[in-house]
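Please open the model in a viewer and keep the selection panel at hand. The stops below proceed from one selection to the next.

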Amino acid sequence: MAAYGLYTHIASNRVRSMLLLAGLFLLIYVLVYAGALVAEVIIDSDRTVAFYLTNAAHDLVAAFPYATIAAAVWIVVAYFFHQSIIDAVTGGHAVTRQEEPRLYNLLENLSISRGITMPKLKVMESPALNAFASGLNQRQYAITVTTGLLEELNDQEIEAVLGHELTHIRNGDVQLMVVAVIIAGVVGFLGELFFRLFTNLNWSSSSGGSSSSSSSSSSSSSDSKSSGGGAIAVIVIAIVLMMLAWLLSQVVKLALSRSREFMADAGSVELTKNPDAMITALRKIDGRGELSGATSAVMELCVDNPREGFADLFATHPSVESRIKALVRYGGGHDPGPLEPLTDASDETEREPEPAEITESRSEEPAGTLGAAAGPRGRR
């Protein structure tokens, strides 16, 4: 469904979410059929390809209601507990106004100006510079910010990032992205399960092959080739189906149109009336947003996803450069260009400061030392 404006973009996201949920069931059926093929070979490795395909189809029909119920249960569980799962992966924890008054007030003011209920506010202990929104309904919406982002960005830049995430919530991008996370989780779990089954099959096949060769040496070579060839062919088919399911789960990410990031950047500028803050925030975040331990599905929720994938084929975020060019061209912003990397505190101690610099150094301490008490970098 093509989207040519804000309201069609929101409607398109809703339709895509429903289609993705329907596609989840299809992917599960494909994986169940592949698993049935592997199971049939484990049970009896001396049959023809047609026998395995037919029996696996019967197994799929028998397992159909159970697979459907399992998928429905997973969707219900993910609906109610996906935020807890994401928090367990990222380590995010809720904060109050008393704990983070600066961040809380910025988000509250933006929510009031947008006319929406303020989402929950969470902080993740990480030196990375990133943030993401999550949730499937108004009661679940949450925005998580890393401590690294709070330390390195000033108030205007943090406000721009929060405006970006609020726009994702308003536009319905969050629901679509969470559905993609759910699908990736199911396919990843079942894929690993069947991979372990396949590994066990290799061992059982090799051991069974050695015993059968010693006990049935009088069997004809043609019969052994035909039976072994059928099992091998079916295993290849199962592997292809598993790879197909994985590829389809990756294509799901392509449904997360890259235009959503441009629209979220534009929404931030609309909220803050400060395109320069969004530009400098992106400059600081660029290349420093990797969340260690986070899955690729979680990274797709973030402001910037440095994991571009194979040849940028499955990338869900446009490049920072293209986003900045759009902000300059359509938002009237000014690009300062790539920012210099932060100076390490250890480098500052290599030389003895001049007397004239001593009085200035107290107001220009590097981030991470005494400067942390005076405020984050760039907030002077």
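Begin with the largest nonpolar core, which has 70 residues; such a core is a set of buried Ala, Val, Leu, Ile, Met, Phe, Trp, Tyr and Cys residues joined through side-chain atoms within 4.5 Å. Buried denotes under 20% relative accessible area (1.4 Å probe, protein chains only). Select L103, I143, V145, L149, V161 and L162, the residues with the most contacts inside this core.

The model is predicted: local features need pLDDT of at least 70 and side-chain atom pairs pLDDT 80 or more, whereas totals for chains, interfaces and linings use all residues. Residues are numbered from 1 along each chain as its sequence is written, and side-chain values use heavy atoms, without hydrogens and water.

Next, centre on L103. Leaving aside neighbours within four places in sequence, L103 is in contact (heavy atoms within 4.5 Å) with L121, V123, V145, L150, I158 and L162. Another core, of 13 residues, lies apart from the largest one and includes I86, F132, A294 and L301.

Proceed to helix α9 (residues 275-285), where 10 of the 11 residues are buried. Among these are M278, I279, L282 and R283. The buried residues of α9 pack against α4 (147-152), α5 (155-171), α8 (259-272) and α11 (320-331). Just after α9, select G287, which takes a positive phi of about 80 degrees.

Finally, select Q83 in helix α2 (residues 49-90). Q83 is buried, with a relative accessible area of 11%. Leaving aside neighbours within four places in sequence, Q83 is in contact with K122, S134, G135, Q140 and A142.

How values were computed. Buried < 20%, exposed > 50% of the residue type's maximum accessible area, 1.4 Å probe, protein only. Helix = DSSP H or I, 4+ residues; strand = E, 2+ residues; numbered from the N terminus.
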